[in-house]
Amino acid sequence: MKNKDITYLAIANLVTSLGSGLSSFLIPWLLINQKKGDQIFMYVSIGVMVFMFLFTPYVGSVIDNNSKKKIIIWIEIANILTIMAACISSMLQGEIHVSYLLLIIFVGAIYDGFKYSTITAWTQNIFTKESYNKVNSILEVQGQAALMLCAGLTALLVGKISITYLLLFDIATSVIAIILYMKLPNGNMDRPEDLAVTERNVIKKVILDFKYSLSFITTNKKLMTFLFLTLFPSIIVLTGNYLNPLFIYKFLLQDPSIQGISSMLYAIGAIIGGMVPLYLLRKISVYTAVKITNFFFFISILLIPLFPMTLVFLSTRILSGISNASTRVLRKNVLLDTIPNHLIGRINTIFNSISTLTRVILTAILGGMISNGSIIYGYYFISFLLLLSFLVLYSFKGVNMKKFTLDEVKENGQINAQ
């Protein structure tokens, strides 16, 4: 590991998070302000979610079978070209046509689908196991700091300077990132010959790659259960983006400023949480640390319905940020330490799909509760799920990855490779 490699990756991650984060705040706002924009945004969001769910197996296969460095650079180039088209439209027509907004949303979804899983796999390529905790903590802190800055910049600049200039900022961050990515090594691709799935037909290869990934998952049920359960705080946080505003406006009867303050407090907590594993893992194992962070996340959610007051809610946001960010870093440490590099892209994207599906189910259940005037019971429901998750995690003292060859998988009839 070279310190300059961490520096290059960290700066590149920070600037791209700032650029893409700013666009992710701006584009929905621009679209919703179009005629029937709220309906269009809803349909597009659902369509993109379905597309990415179906596209996931291909994303994982591409990541595992190609240079991570090239993938990252190409998705940044795609982002530049897409945003540039929107900027040209804005300069020529005085506004950005809705078709370009939809294109940015679509390309942005693909960008996110590739970026985070590729960065995870690339981190495993170019850094040693001893460096995972440090690198993951740095990237988590920077990601949360960028999110907080983007929210502030959006509130400060929208309506005061041209949208074109804000989008050009996104382009500039991608250009800077590409220059920094070029300085990083490709890393060694861990691809044992007995585990290589060879198939010339692209569609068949994707299917075979996906089947092989499922074989790995079924062979390592305990490891997969651990990784899924440690994903739960992140799922609940994203689900809370739907539940929390309703709680603030309809139950606490507060104005939007409280929503802004709560988001800022969460981001501050998450920045602190990104650094917590650096200290925890000096004294305890990663599995003990995960139990602690998950327990405190459970407490942060349970306190909301037990004491439904504005001050308590805002306080819990700090605790939620600390415990969720800590769990994310610890989970990624285990992921990098146990999943082989030739599989990590596919396994990671499968978890992303499971996370999306779980969020949809939870949102539907919570929507039913809220329609019956039971916002508080929504928090009790997710607290119960988090308690179950914690109790299962409490039984884990460690997990190991079980190795197997492709021939063994073929004999079990789980995959048919050429």
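Predicted model: local features only at pLDDT ≥ 70, side-chain atom pairs only at ≥ 80, totals over all residues.
Biologist: What makes a stretch a helix here, and how many helices does the protein chain have?

Modeller: Helices are DSSP runs of H or I with at least four residues, strands are runs of E with at least two, and both are numbered from the N terminus. By that rule the protein chain has 15 helices and zero strands.

Biologist: How do you know that the span of helix H3 agrees with its number of residues?

Modeller: The expected span is 1.5 Å times one less than the number of residues. For the 26 residues of H3 (residues 68-93) that gives 38 Å, and the end C-alpha atoms are 38 Å apart, so the two agree.

Biologist: Why is H4 called oblique to H12?

Modeller: Axes are lines fitted to C-alpha atoms, for helices over the stretch in contact, and angles run from 0 to 180 degrees between N-to-C directions. Angles under 35 degrees count as roughly parallel, over 145 as roughly antiparallel, 65 to 115 as roughly perpendicular, and the rest as oblique. The axes of H4 (residues 98-126) and H12 (residues 310-338) come within 10 Å and cross at roughly 60°. That makes H4 oblique to H12.

Biologist: And why are H9 and H14 called roughly antiparallel?

Modeller: H9 (residues 232-251) and H14 (residues 375-394) pack at about 165°, with axes 10 Å apart. The cut-off is over 145 degrees, so this pair is roughly antiparallel.

Biologist: Why is asparagine 348 called buried?

Modeller: Buried means under 20% relative accessible area, exposed over 50%, and partly exposed in between (1.4 Å probe, protein chains only). Asparagine 348 has 7%, so this residue is buried. Across the protein chain, buried residues make up 52% of the 418 residues.

Biologist: Where is asparagine 348, and which residues does it touch?

Modeller: Asparagine 348 sits in helix H13 (residues 344-371). Not counting residues up to four places away in sequence, asparagine 348 touches Tyr116, Ser117, Thr120 and Leu335, where contact means heavy atoms within 4.5 Å. Thr120 in H4 and Leu335 in H12 are also among the residues where those two helices meet.

Notes:
Residues numbered from 1 in each chain as written. Heavy atoms only, no water.
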